[in-house]
Structure formats: C-alpha cells, structure tokens
Amino acid sequence: MTTALVYDPAFLEHQTGHHPENPHRLEVIVSALRQDEALWESLQHLAPREASDEDIMRCHSYRLIDQIRSLCERGVSRIDLDTTICPKSLEISRLAAGAATLAVDEVFNDSTNAVALVRPPGHHATSDRAMGFCLFNNVAIAARYAQVHYGADRVLIIDWDVHHGNGTQDIFYRDPSVFYFSTHQYPYYPGTGAANEVGLDKGEGTTLNIPLSEGTPARTHREAFSDALKKIGKGFQPDLIIISAGFDSRRGDPLGGLLLEDSDFAEMTKEVMDIADRTGGGRVVSVLEGGYNLDTLGETVKTHVTALKF
Ligand SMILES: [Zn+2]
C-alpha cells in the first residue's frame, strides 16, 4: 500500500498571530511523523503546486478570490472576527487547495491513498465567503477536480471535524454526485448541521448530518459514525472518498467538547478504507481541517496516517 504525504513548509507562512489556527499545528504534526522513522520513510513525499483559478472557481466565485487578493495586498489582517490573514495568505491558500488536488492525482495514479497536511483549513468556506479560519474549500475543490480530471462519478466527503462543514455542505447541497457526511458537535459553531439538513432538489438524500451534543461518549459517537458510513457505502458507492480530517473532535481539544481518542481515529480511518476498498479501488484522500491541542495533535495525526499506511 502506497501512501502519499503532500506537504509544504510554505504552509507555516500563513501567519495568523495569536490564534488557535497557527503554524505550530503543522510543526507538531510533522515532528510527530518524523519521529516515527519507519513511517516517515515509508511515505511518498510530495510538494504541491498552487491551485489555478480554474480549479478554485469550480467551487468559488471569482469575487471571493478577488476579495482575498485585495485584502492581502492591502495588508488587512482579518476577513471576519475569526478569520485572520497575512499578505501571503492568498498564495498559501492556493497551495493548500493545490495540495488537495495533488492528493487526488496521486490516488488515481501512483498511490493507494494520500494525506494533505495543509493550512489554512477549508470546510467552512462557502462559494462566496471565507469564514471560520477557512479561505478556500480544499476538499470541495478536490472533489470537483476528481470529477473533471478522472471522471469520478460519485465522491463521498466524510467530515469528522468537531465543527460542521457548512461550506462543503452548501457547495454540494443540490448535487447528487457528491455526498457530504458529517458528525459534529451541535449546537455549535457555525450553527448549521441539523439532522433535517439532507440536501435539496436532486441533492436530497446526499447530505447526511449527525449532530452530537457536547460530551457525547466516544462509543456512542463511534457507533453513530459507523452505522451511517455502512449505510452510505451500500447506497452511494463512491469512486473516491475524501476525509475532511479535523482532529478537534478529540478529547481535550480547546475548541471542542467531543471525546474521541486517538484509537477512535485509527478505527474510523480503517472503516473509511474498507468502504473505499469495496467501492472505489481503495482511493482515500485525507485533508487536514481543525485540531488545536498542540500537546496531542501530532500523535493523533500520526495514528491516522499510520492507519492509512499499514
Ligand atoms: Zn473544527
């Protein structure tokens, strides 16, 4: 099994100041992965290129790209109360989206699965709005890219971040070719993700939200995840699975109130791989979203990558 790791030190240059979504997140992740020499050396290491306007505009308006460009050029440091940028953020968010599309290239060519360790994260970004630390929606851009470049008819996005991926849901809400499945703390930021949000028009039935109250026991959380995933796997038959891999659903995250442990992430990863093996040639792309506990994040991501690799 070949696992690709897409990463670029340039992701550390998206400077956010005193903010939970900061460069140290990737530093602790890369450091934990490197410490496991056998794992690190077994990965196919790749550097991304920037996503083009064409790639981005399959999911976002030109107005959003232009707005981010203009704010970066003017040295404005905030898009909204939560979302901080620096002069290089446009370039680096293009690179983050490009890392997700390169991961897609890998799983349709040389690798079984691929992990993109990126910042800024993406799942809150809607077609015309950057929000919640997110500028461009990396997983949405990757899903569209797979459809256009590799003829993937059905893409399943699995979002296990503690927050609901309102942006991803919104982009595919009327689209039956991309299934959006999320488990998340609810009610919580950004306010969306109720169980009755199931898609619209032709997309009705290809959005599935499992809202979980704060403090839901890990076992209940995991069972809900597994049951839903099994059902989706049978009905939808994805050609590609993309994980919106947020690790702020782990116990002890400063921004979350859910209770998953590292072993839960390993097991969820294996369950996703099983569905992918049965329906999509094993193709799994994992793209980093949240995860803010710098004491545990490195180990948690290492557990996830190890499960993908071995
Ligand atoms: Zn999150």
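Which residue in S5 is the bridge partner of Ile158? In this predicted model, the partner of Ile158 in S5 is Phe181, and this pair belongs to a set of five bridges that join strand S4 to strand S5 (residues 178-185), the two strands running parallel. Between these two strands the chain passes through helix H7 (residues 166-171), and the β-α-β crossover formed in this way is right-handed. Strand S4 is also joined to strand S7 (residues 240-245), again by five bridges and in a parallel arrangement, and within this pairing Val155 has Leu240 of S7 as its bridge partner.

Because five of the five residues of S4 (residues 155-159) are buried, the strand is largely enclosed by the rest of the structure.

The sheet to which S4 belongs is open and has eight strands, in the order S2-S1-S3-S8-S7-S4-S5-S6, with parallel pairing. Its edges are formed by strand S2 (44-46) and strand S6 (207-212), each of which pairs on one side only. On average, and with direction ignored, neighbouring strands of this sheet are turned by 15° against each other. Elsewhere in the sheet, strand S1 (residues 3-6) and strand S3 (residues 113-116) run parallel and are joined by four bridges, with Leu5 standing opposite Val115 in S3. Helix H8 packs on the sheet and touches S4, S5 and S6, its direction making about 175° with that of S5. Helix H9 likewise packs on the sheet, where it touches S3, S4, S7 and strand S8 (284-288), and its direction makes about 165° with that of S7.

These two helices also pack against each other. Two packed helices are described by the angle between their axes and the distance between the axes. For H8 (residues 218-236) and H9 (residues 262-279), the angle is about 5° and the axes are 11 Å apart, which means that H8 is roughly parallel to H9. On the side of H8 the contact is made by Ala218, Arg222, Phe225, Ser226, Leu229, Lys230 and Gly233, and on the side of H9 by Asp264, Glu267, Met268, Glu271, Val272, Ile275 and Thr279. Sorted by class, the residues of this contact comprise six nonpolar, three polar and five charged ones.

The loop between helix H4 (62-73) and helix H5 (89-108) contains Thr84, which is buried, with a relative accessible area of 10%. Apart from its neighbours within four places in sequence, Thr84 is in contact with His14, Thr16, His19, Ser77 and Arg78.

Phe136 counts as buried because its relative accessibility is 1%, below the cut-off of 20%. Phe136 and Val148 are twelve residues apart in sequence, and their C-alpha atoms are 18 Å apart in space.

The loop between S3 and H6 also holds Pro120, and the peptide bond from Arg119 to Pro120 is cis, with omega near -10°. A cis peptide bond also joins Tyr186 and Pro187, with omega about -5°, and Pro187 is found in the loop between S5 and S6. Phe133, in the loop between S3 and H6, has a positive phi of about 75° although it is not a glycine, and this residue is buried, with a relative accessible area of 15%. A positive phi, near 55°, is also found for Gln237, which is placed in the loop between H8 and S7 and counts as partly exposed at 38% relative accessibility.

Technical notes: Residues are numbered from 1 along each chain as its sequence is written. This is a predicted model: local features need pLDDT of at least 70, side-chain atom pairs count only at pLDDT 80 or more; totals for chains, interfaces and linings use all residues. Side-chain values use heavy atoms; hydrogens and water are left out. Buried means under 20% relative accessible area, exposed over 50%, partly exposed in between (1.4 Å probe, protein chains only). Two strands pair if DSSP finds at least two bridges between them. A crossover is right-handed if, with the strands pointing away from the viewer, the path from the first strand over the helix to the second runs clockwise. Axes are lines fitted to C-alpha atoms, for helices over the stretch in contact, and angles run from 0 to 180 degrees between N-to-C directions. Angles under 35 degrees count as roughly parallel, over 145 as roughly antiparallel, 65 to 115 as roughly perpendicular and the rest as oblique. Contact means heavy atoms within 4.5 Å. Ala, Val, Leu, Ile, Met, Phe, Trp, Tyr, Cys and Pro count as nonpolar, Asp, Glu, Lys and Arg as charged, and the others, Gly among them, as polar.
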